[in-house]
Amino acid sequence: MRIKQLLIGITASVIAISSYVEIAIADLKFPMLVYRTGAYAPNGIPNADGFVDYYKMINARDGGIGGEKIFHPECETGYKTQVGVECYEKNKKDAMVFQPMSTGITYQLIPKATADGVTVYSTGYGRTSAANGKVFKWIFNAPVTYWDGASIAVRHILKNNFGNIKGKKIALVYHNSAYGKEPIRTLQTLSKKHGFKLMLLPVDHPGQEQKATWLKIRKARPDNVLMWGWGVMNQVAVKSAASIKFPMDKFIGIWWSGSENDVLPAGQGAHGYKSLTFNAPGDSYQVHKDIKKYVHDKGEASGDGSHFGTVLYNRGLFQAMVQVEAAVVAQRIHGTSKITPAMYRDGMEAVNLSAKRMEELGFKDFAPPFKNTCENHGGSGLAAVQQWDAKAKKWNMITEYMYGDSDVVQKLIAEDSSKYAAEQKIAERCN
Amino acid sequence: MSVEFLNFIETVLNGLMSGVMYSLVALGFVLIFKASGVFNFAQGVFALFAALTLVGYQTGQVPFAHLINELFGTNYHNWYASMPNFLAIILTMITMIALAWIIERLVLKHLVNQDPIILFMATIGLAFALEGVGDLMWGSDVKVLDVGIPSGGSVWLEEATIGLAAEGSDYYGMYIDVLNVWATVIAVILVITLALFSQYTKTGRALRAVADDHQAALSVGISLRTIWILVWAISGFIAMVAGIMWGTESGVQFSLSLIALKALPVLILGGFTSIPGAIIGGLLIGVGEKLAEIYIGGYFETGALENWFAYVMALVFLLFRPQGLFGDKIIERV
């Protein structure tokens, strides 16, 4: 009797699994590399929730993309580069796009994905010179790169100093990893151009202990501090800055150092801290209303739904929206809903998110418009500055979206991508 | 006094204060190692778990809410709005004692007389399991921990020292975080209490007897299992104190478990079996790494000496005194 029951059980399981696989193969596969556990989970969870809620909303509201449901298997990386590569290998078959959510993983995937013909989209992170589509056919990092970010931060400082920062001291506190080191080259070039002194202060993973770093800052008294941090490093840095009474309005983080998680532990001390951003905070956009209606109200929210409208959740929505839009464009270009990974890449390269299109998608005024081209995979290069109001516990946008120093950034991108092309023997395209 | 000299003193003082924070974690390791010969790899996770539990009680969070809601389609998140700090700390202590009892029943009891390496491996498993349970119970969000301990730079010290610099020099005064001063006071109270407990109470003497010789302690009727539960509970309490201090500084989040890595060089320096060793080791490591980062960090292109210099110190120390400053000398008869 027991053997019979066991056999029935096994047969039912096999049928269930095979039908699930069949559905999965028929759908558009958007694998997700996430970190819902480990030291960086507080950042990884809201971002992943944004992605999942958006995909669920598209499946529920529109019946998928052009009638094809989105299949979004998750693979936990723990923000570890090696695990991220394993996740890629496991999920790359039929995958439309990978969003590595780590600069370290992105660097590893660039040659692999190029060889495999899989699109990698590192939204505002990863290798900056991948913005050069002539060299990096399969890699996209729109809407803005780290080098744009560095020059936008300097531009903001310039504006607050009436255009003259000669002799000023700017410190960069950075995560001692591929991610944190990314802006150094641009800042060094900008320091020569504008005559400011650059102090480099690396912080090792995870960044729980930074006392010596902030004692150095207290001693050297830089005029401004920039931060390229992630995870606990951000919270400790904001709290340490408040503790040494560094003026918070002179402390600017990159867009990955500007979530609610980063400032709340410092309480009132974080008041006035600034960060760059390429998307708006808040939950009053049409896309939020749709997610609430089609996902949350049906009890389908990813996680407990508590991250709805936070900075990193909204960034996840934006990233997912661009990925879905690339599929829509690919379907239109190739005249089929059943697109292949190569067709998807064509779609990503032709994405044109104008203000009108953003409004149609429920993202009116959520982020600046941008479009990808064969030459430019880095988007508009626009970012704004937001500032933390500790009393109201909310971020406020305090500038318009602005460009960085494109003369410097474009030159550096051309240099770095040419070097990569020579190393990898890649012939430039788009001619 | 010259500004450079005052900055040097400031670095040393801050190093000492950081050292106390490391010692708080190292103390838990020493207690368990002394009483049971187990190197508890899970001590950092204990600190994390205690801090998570404390915030959970403070804010009235429903344990395993995510799991419950997923399984039963409910929407429970909070029992109540808030709980007084004192009550939340007491409840956390009770939870840590219960955890010690569970560990003894489920793990240690079954591993009596096993090699130390087996017990060590068991604590590695315990660390990962406990981290997972903590995640399921309380979630992975960054949590703000406030038990009323003040933090931020000491204004009093700044004002008191500003006049020490030579006239006309541009000196801000000395910086010390008040939270670290509190951590020092609490660590001193903790060590004195532990010393009095082990010296003057019956249970304390039994604890020392077990630490000295398991067999002899057993032969005079001391229950090894009771002592183990007790010592793991005390370690849990120390982990809670460490978790409060570190959690107040950075918010309670899963990277808190990595503070155990800060305790390892402290233990190598101070010895695995000495409470004063854990304190002195912590102070030496704290001062050493801060001086290294500030005075020689600039010569290294990659910088960030603060994290790994402690291990260099520990390795150098190992060459000359493998048992640590105050550890028992290892003598093996052949």
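This is a predicted model: local features need pLDDT of at least 70, side-chain atom pairs count only at pLDDT 80 or more; totals for chains, interfaces and linings use all residues.
Local features are limited to pLDDT of at least 70 and side-chain atom pairs to pLDDT 80 or more, whereas totals for chains, interfaces and linings use all residues. Residues are numbered from 1 along each chain as its sequence is written, and chains are lettered from A in the order in which they are written.

**Exercise 1.** Describe how α4(B) and α10(B) pack.

*Solution.* Step 1: helices are DSSP runs of H or I with at least four residues, and strands are runs of E with at least two, numbered from the N terminus. Step 2: the axes of α4 (residues 85–106) of chain B and α10(B) come within 8 Å and cross at roughly 140 degrees; axes are lines fitted to C-alpha atoms, for helices over the stretch in contact, and angles run from 0 to 180 degrees between N-to-C directions. Step 3: α4(B) is therefore oblique to α10(B), given that angles under 35 degrees count as roughly parallel, over 145 as roughly antiparallel, 65 to 115 as roughly perpendicular and the rest as oblique. Step 4: residues are in contact if their C-beta atoms, placed from the backbone, lie within 7 Å. Among those of α4(B) that meet α10(B) are Met93(B), Met96(B) and Trp101(B), and the α10(B) side includes Trp228(B), Trp232(B) and Phe237(B). Step 5: the contact of α4(B) with α10(B) comprises 13 nonpolar, two polar and two charged residues; Ala, Val, Leu, Ile, Met, Phe, Trp, Tyr, Cys and Pro count as nonpolar, Asp, Glu, Lys and Arg as charged, and the others, Gly among them, as polar.

**Exercise 2.** Determine the arrangement of the sheet formed by β5, β6 and β7 of chain A.

*Solution.* Step 1: the sheet is open, with order β5-β6-β7 and parallel pairing; strands pair if DSSP finds at least two bridges between them. Step 2: β5 (97–98) and β7 (139–140) of chain A each have a single partner strand, so one side of each lacks a neighbour in the sheet. Step 3: β6 (residues 119–121) of chain A pairs with β7(A) over two bridges, and Val120(A) has Ile139(A) as its bridge partner in β7(A). Step 4: helix α4 (residues 103–116) of chain A packs on the sheet, touching β5, β6 and β7 of chain A, and its direction makes about 160 degrees with that of β6(A).

**Exercise 3.** Characterise the side of chain B that touches chain A.

*Solution.* Step 1: 36 residues of chain B contact 37 residues of chain A. Step 2: α1(B) supplies the largest share of the chain B side, five residues. Step 3: by class, that side has eight nonpolar, 19 polar and nine charged residues.

Terms used. Two residues are in contact if their C-beta atoms, placed from the backbone, lie within 7 Å.
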